[in-house]
Amino acid sequence: MCGIVGYTGTEPAVDILIEGLQRLEYRGYDSAGVAVQVEDGLSIVRRTGKVGELARACEGLAPASTCGIGHTRWATHGTPSERNAHPQCSCLGDIALVHNGIIENFAELREQLAARGHQFASDTDTEVVAHLVEDAYEDDLLAAVRHAAHQLVGSYGLAVTCAQEPGRIVVTRQDSPIVLAHGKDGSYVASDIIAVIRASRDVVVLGDRQFASLDAQGIRYFDDNGEPIEPEFMHVDWDIDVAEKGGYPDFMLKEIHEQPRVVRDTLAGRMVRGVLKIDELGMSLEELQLVDRVCIIACGTSYHAGLVAKQLIESWARIPVTVEVASEFRYRNPIITPTTLVVAVSQSGETADTLAAISEARIKGGKVFGITNVIGSPVARESDGVIYTKANKEIAVASTKSFLGQVVSLTLLSMVLAQAKGKMTVAQTRLLFRELADTAEQIERILSDTTAIEEAAQACKDATSAFFIGRGMGSAISYEGALKLKEISYLHAEAYPAGEMKHGPIALLSEGFPVIAVATQSPVYGKVISNIRESRTRGALIVAVATEGDEEIIKHADHVIFVPKVRDAFSAITVSVPLQLFARAIAIARGCDVDHPRNLAKSVTVE
Ligand code: M6R
């Protein structure tokens with residue numbers, strides 16, 4: 001959600017900070033700001049809106065400054081405004097800091113600080129930290145930040161600079177990522193690797209309650225007691241190009257087109273001499289055999305991947321599965337036993353609701369397995385085992401390729417469970433694996449001709465509302481289709497199991513109301529056709545996603561988007577692609593910024 005950058009070295013800081021913020025902008029963008037050290041103190045500029053606004057305001061700012069911090073903010077405490085944007089300052093304006101996360105005890109701290117005479121200039125939880133540091137400061141910024149951090153309850157990634165200590169930045173964290181790198185021109189800190197790899201591909205992910213002190217010469221690391229510690233370096237082998245659009249008009253389209261690669265990379269190395277392997281599962285065959293219930297916890301798109309997995313696990317492994325919205329999970333005293341396999345699915349690996357659900361599941365004695373896209377993320381760290389989805393960095397706020405990576409990973413997990421339970425033979429597993437691998441090529445075919453998708457989108461673009469319907473696997477994928485459409489085009493969309501339409505939603509249908517029906521070949525195909533007919537009779541405009549070679553569907557739909565024939569179990573993989581493109585085409589036709597939908601952030605690190 002929010003993004004932190006910091007730099008101290010030999011080059012002009014403002015340019016480096018702005019570039020870093022632009023790389024982080026996808027995380028949240030209602031306001032942004034920088035604080036740079038200048039001869040007589042700190043110079044601070046903050047703006048609401050996108051980083052471009054800040055960049056314009058910073059033109060000509062402090063060209064000689066070589067040390068500063070910056071932030072993009074997605075409001076949690078206090079409305080999006082200049083006064084609430086970061087950096088936030090101490091009373092004297094000589095200490096400035098940027099913060100990701102939430103200080104849960106900020107109200108109490110604010111009261112205590114106010115009683116000691118501190119004057120507050122914003123409504124943020126962050127500002128109390130600046131005053132705490134000011135309160136504790138006695139010529140040693142590191143000591144003051146440590147002292148302040150010890151009083152905080154909540155989550156934080158913090159970068160602090162101070163006018164009295166030229167060229168110095170101090171950082172710390174608790175449950176919020178901080179990454180550091182030192183390069184030829186100085187030391188860099190950010191909340192995301194993407195903003196530090198211009199310095200070096202050997203980066204350090206700061207641990208909880210660790211501290212780092214940066215200057216132009218290097219970075220020193222300390223534990224919670226202030227004792228020096230040796231950092232663990234991690235080598236980043238992906239290229240900075242992943243963060244660029246690669247010739248596509250937007251990141252969303254680029255990421256949609258990366259999906260064949262995601263399928264291939266996620267499957268790479270999984271079938272070894274005919275045996276399906278997920279070593280990272282961290283569970284023996286005996287432990288897998290004992291699993292008598294699977295509980296999938298996730299939010300948003302990741303939740304929809306869980307709905308797909310429920311169909312697969314129940315039909316292949318015959319294990320009952322519940323799919324739980326993570327934000328509800330911990331408040332309803334869920335039933336988790338030592339033989340429940342809890343699967344936490346999260347692209348970012350830092351969604352607060354999912355993390356809270358993981359800790360609840362652990363308290364209740366469940367074994368937690370994570371499926372995430374971000375190496376070393378909190379979900380990966382908090383789980384007993386983890387599969388990385390190999391989607392690579394996903395920049396567009398609307399998840400596309402990470403969803404596909406999740407579905408493919410969950411499909412593998414379903415197969416492993418089915419094998420362990422003796423419900424799937426080795427020969428069946430191999431056949432399914434081959435077919436699963438073939439979906440990469442099938443997606444390429446879908447992507448090679450999108451005419452029908454664009455025509456359908458043109459027909460629906462002026463609607464105010466739309467339904468997505470399907471049955472079985474088609475119903476699971478309908479939820480994701482509807483979410484994609486609403487989040488990027490702001491067109492109201494709802495998904496229903498097709499058979500539910502007649503129990504209420506059908507009342508909303510009128511002439512031209514778009515109903516997008518997933519009608520691929522499956523055991524319930526005939527039933528879906530009946531539901532389509534019910535809607536069409538009431539004037540609905542039908543867009544059907546159907547299997548190539550299906551002549552029947554043409555009679556029942558106004559627009560048909562054909563996808564290659566796959567077994568029903570893999571239809572979520574192929575059908576999700578045209579639904580992503582359909583949502584994007586409508587959003588573009590409506591003039592929306594598909595990469596930066598309003599009110600949304602890429603990772604939701606607050607409850
Ligand atoms: O990073 P996570 O997968 O945990 O994120 C969960 C949701 O916030 C996320 O899927 C959200 O719904 C996306 N905007 C969907 O495109």
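Author: Contact here means heavy atoms within 4.5 Å. The model is predicted.

Reader: Which residues in helix 14 does helix 7 meet?

Author: Helix 7 covers residues 259-267, and helix 14 covers residues 426-448. From helix 7, the residues involved are Q259, P260, V263, R264 and L267. Their partners in helix 14 are F433, L436, A437, T439, A440, E441, I443, E444 and L447.

Reader: Are helix 7 and helix 14 roughly parallel or antiparallel?

Author: Their axes come within 8 Å and cross at roughly 165°. Angles over 145 degrees count as roughly antiparallel. Helix 7 and helix 14 are therefore roughly antiparallel.

Reader: Is the crossing of helix 7 and helix 14 left-handed or right-handed?

Author: The crossing angle is roughly 165°. The hand of this crossing is left-handed.

Reader: Which are the edge strands of the open sheet?

Author: The sheet has 8 strands, in the order 3-2-4-1-10-9-11-15, with antiparallel pairing. An edge strand here pairs on one side only. The edge strands are strand 3 (41-48) and strand 15 (233-235).

Reader: Which residue in strand 10 stands opposite A181?

Author: Strand 9 (residues 179-183) pairs with strand 10 (residues 186-190) over 5 bridges, in the antiparallel sense. Opposite A181 stands Y188.

Reader: Which strands does helix 1 lie across?

Author: Helix 1 spans residues 13-24 and runs at about 155° to strand 1. Helix 1 lies across strand 1, strand 2, strand 4 and strand 10.

Conventions
Residues are numbered from 1 along each chain as its sequence is written. This is a predicted model: local features need pLDDT of at least 70, side-chain atom pairs count only at pLDDT 80 or more; totals for chains, interfaces and linings use all residues. Side-chain values use heavy atoms; hydrogens and water are left out. Two strands pair if DSSP finds at least two bridges between them. Helices (H or I, at least four residues) and strands (E, at least two) are DSSP runs, numbered from the N terminus. Axes are lines fitted to C-alpha atoms, for helices over the stretch in contact, and angles run from 0 to 180 degrees between N-to-C directions. Angles under 35 degrees count as roughly parallel, over 145 as roughly antiparallel, 65 to 115 as roughly perpendicular and the rest as oblique. A crossing is left-handed if the near helix is turned anticlockwise from the far one by less than a right angle, and right-handed if clockwise.
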